[in-house]
Amino acid sequence: MPIVGSPLPLEWSSEDDTLAFAQALAGRPALRDAFIELRGDLGAGKTTFVRHLLRALGVQGRIKSPTYAVVEPHEAQGLPIWHFDFYRFSDPREWEDAGFREVFAGPGLKLAEWPDKAAGLLPRADLVLRIEVRTDGSREVTATPQSGIGRELLT
């Protein structure tokens, strides 16, 4: 079991591995109030991972990327889920105007792509997943727990 802050290296050789990790994570009770940051270049698989996780949690219907809307809310079995994509986020006033402070202070799962674009506004993530594409198309994932919740997600 990794200690808080110790990165755990993972390998996703195929999308099936991404799906398997998402399904395992979906079964963790600590996920209900977790904040997970997703880091990686364009095309690394951040949104694909989120789609697999949301499906594993029971989200029905179309799951689209919040690239233009900044956030897409979902709900699964009474669990509020907020999927953020801060790629185009540029105005800190939008943080307050959109009520993001209240979202992060409230219950539910929060997933954030491109969290560096909202640096200084986001709370500390429970878990950081850094996804890097290898030359063979597989993914090298570094999972870093930053809280007790993050540690529980990886045990």
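**Exercise 1. Determine what share of the contacts in the protein, at a separation of 6 or more, comes from residues 24 or more positions apart.**

Solution. Step 1: a contact is defined as heavy atoms within 4.5 Å. Step 2: among the contacts with a separation of 6 or more, residues 24 or more positions apart account for 63%.

The structure is a predicted model, in which local features need pLDDT of at least 70 and side-chain atom pairs count only at pLDDT 80 or more, while totals for chains, interfaces and linings use all residues. Residues are numbered from 1 along each chain as its sequence is written, and side-chain values use heavy atoms, with hydrogens and water left out.

**Exercise 2. State how many helices and strands the protein has, and give their order.**

Solution. Step 1: helices (H or I, at least four residues) and strands (E, at least two) are DSSP runs, numbered from the N terminus. Step 2: the protein contains 5 helices and 7 strands. Step 3: starting at the N terminus, the order is β-α-β-α-β-β-α-α-β-β-β-α. Step 4: the radius of gyration is 15 Å, close to the 15 Å that the globule rule gives for 155 residues, so the protein is as compact as a globular protein of that length. Here the radius is taken over C-alpha atoms, and the rule is 2.2 Å times the number of residues to the power 0.38. Step 5: the C-alpha trace spans about 40 × 35 × 30 Å along its principal axes.

**Exercise 3. Describe the surface and the charges of the protein.**

Solution. Step 1: of the 155 residues, 46% count as buried; buried means under 20% relative accessible area, exposed over 50%, and partly exposed in between (1.4 Å probe, protein chains only). Step 2: the accessible surface comes to about 7900 Å², and carbon and sulfur atoms hold 48% of this area. Such areas come from the Shrake-Rupley method with a 1.4 Å probe; for residues, only the protein chains shown count as cover. Step 3: the protein has 18 positive and 22 negative charges, whose mean positions are 1 Å apart. Lys and Arg count as positive and Asp and Glu as negative, without His and the chain ends; the place of a charge is NZ of Lys, CZ of Arg, CG of Asp or CD of Glu.

**Exercise 4. Identify the residues with the most contacts inside the largest nonpolar core, and the element that gives the most to this core.**

Solution. Step 1: a nonpolar core is a set of buried Ala, Val, Leu, Ile, Met, Phe, Trp, Tyr and Cys residues joined through side-chain atoms within 4.5 Å. Step 2: the largest such core has 30 residues, and Ile-36, Phe-49 and Leu-53 have the most contacts inside it. Step 3: the elements that each supply at least two residues include helix 1 (15-26), strand 2 (35-39), strand 7 (139-145) and helix 5 (148-154). Helix 2 gives the most, with 5 residues. Step 4: a second, separate core has 16 residues, among them Val-71, Phe-84, Phe-104 and Ala-125. In soluble globular proteins, nonpolar side chains tend to be buried together.

**Exercise 5. Trace the surroundings of Phe-21, Leu-10 and Ile-149.**

Solution. Step 1: Phe-21 is in helix 1 and is buried, at 15% relative accessible area. Beyond four places in sequence, Phe-21 touches Leu-10, Trp-12, Phe-49, Leu-129 and Leu-154. Step 2: Leu-10 is part of strand 1 (residues 8-12); with neighbours within four places set aside, the contacts of Leu-10 include Phe-21, Arg-139 and Val-141. Step 3: Ile-149 belongs to helix 5 and is partly exposed, at 27% relative accessible area. Not counting residues up to four places away, Ile-149 touches Ala-30, Asp-33, Ala-34 and Asp-126.
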